[in-house]
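Biologist: Before I take any label on this protein at face value, I would like to hear which rule stands behind it. Could we go through the labels one by one?

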Amino acid sequence: MSDDATKYTLVNRHLLRTLMQRTGTGESTTTRKLAADVGIAHGTVGGLLTGAVQVVSESTAVDIAARIGVDLLVLFAPVCRANPAPLIVVPTADTA
């Protein structure tokens, strides 16, 4: 599955803010510093913290979690279905 197809939603914006105060290295990080480290606009991180941004790409979610020092699923949940629904072909007059 391509990165464009997999999106992640932030589970708890308050948790992100708390974890930014003490990352896996024991240091704090700012919105701008986290964004720079991950390679995204600081507005995206700010939007996650305010709730204005609710969904990010898989690579962004992975990079944020790694920079904070937690597993991906501590901060984010996948938006897409884990098991896509099977394709059901309904016979038509042409195919019956």
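What follows is a conversation that sets computed values against the definitions behind them.

Modeller: This is a predicted model, in which local features need pLDDT of at least 70 and side-chain atom pairs count only at pLDDT 80 or more, whereas totals for chains, interfaces and linings use all residues. Residues are numbered from 1 along each chain as its sequence is written, and side-chain values use heavy atoms, with hydrogens and water left out.

Biologist: What makes up the protein, in terms of helices and strands?

Modeller: The protein has five helices and three strands, and from the N terminus on they follow the order β-α-α-α-β-α-α-β. Helices here are DSSP runs of H or I with at least four residues, strands are runs of E with at least two, and both are numbered from the N terminus.

Biologist: Why are H1 and H3 called oblique to each other?

Modeller: The axes of helix H1 (residues 13–21) and helix H3 (residues 42–50) come within 7 Å and cross at roughly 125 degrees. Axes are lines fitted to C-alpha atoms, for helices over the stretch in contact, and angles run from 0 to 180 degrees between N-to-C directions. An angle under 35 degrees counts as roughly parallel, over 145 as roughly antiparallel, 65 to 115 as roughly perpendicular, and the rest as oblique. H1 and H3 are therefore oblique.

Biologist: Which residues make the contact between H1 and H3?

Modeller: With contact meaning heavy atoms within 4.5 Å, H1 contributes Arg13, Leu16, Arg17 and Met20, while H3 contributes Leu48, Leu49 and Thr50. They divide into four nonpolar, one polar and two charged residues, where Ala, Val, Leu, Ile, Met, Phe, Trp, Tyr, Cys and Pro count as nonpolar, Asp, Glu, Lys and Arg as charged, and the others, Gly among them, as polar.

Biologist: Why are H2 and H4 called oblique?

Modeller: Helix H2 (residues 31–38) and helix H4 (residues 58–68) pack at an angle of about 120 degrees, with their axes 9 Å apart, and H2 and H4 are therefore oblique to each other. The contact is made by Lys33, Leu34, Asp37 and Val38 of H2 together with Thr60, Asp63, Ile64, Arg67 and Ile68 of H4, a set that divides into four nonpolar, one polar and four charged residues.

Biologist: How do you know that Lys33 forms a salt bridge with Asp37?

Modeller: A salt bridge is a side-chain nitrogen of Lys or Arg within 4 Å of a carboxyl oxygen of Asp or Glu, and the closest N and O atoms of Lys33 and Asp37 are 2.9 Å apart. Both residues lie in helix H2, four residues apart, which is about one turn of the helix.

Biologist: What makes Arg67 and Asp37 a salt bridge, and which parts does the pair tie together?

Modeller: Their closest N and O atoms are 2.6 Å apart, and the pair counts as a salt bridge. Arg67 lies in helix H4 and Asp37 in helix H2, so the pair ties together parts that are 30 residues apart in sequence. By this rule the count comes to two salt bridges, and Lys33, Asp37 and Arg67 are linked in a network.

Biologist: Why is Ile68 called buried?

Modeller: Ile68, which lies in helix H4, has a relative accessible area of 1% and is therefore buried. Leaving aside neighbours within four places in sequence, Ile68 is in contact with Leu16, Leu19, Met20, Thr23, Gly24, Thr29, Leu34 and Leu75. The C-alpha atoms of Ile68 and Thr23 are separated by 4.8 Å, although these residues are 45 apart along the chain.

Biologist: What makes Thr25 exposed?

Modeller: Thr25 lies in the loop between H1 and H2, and its relative accessible area of 59% is why Thr25 counts as exposed.

Biologist: Why does Tyr8 count as buried?

Modeller: Tyr8, in strand S1 (residues 7–10), has 8% relative accessibility and so counts as buried. Tyr8 and Ala77 are 69 residues apart in sequence and 5.4 Å apart in space, C-alpha to C-alpha.

Note on methods: Buried < 20%, exposed > 50% of the residue type's maximum accessible area, 1.4 Å probe, protein only.
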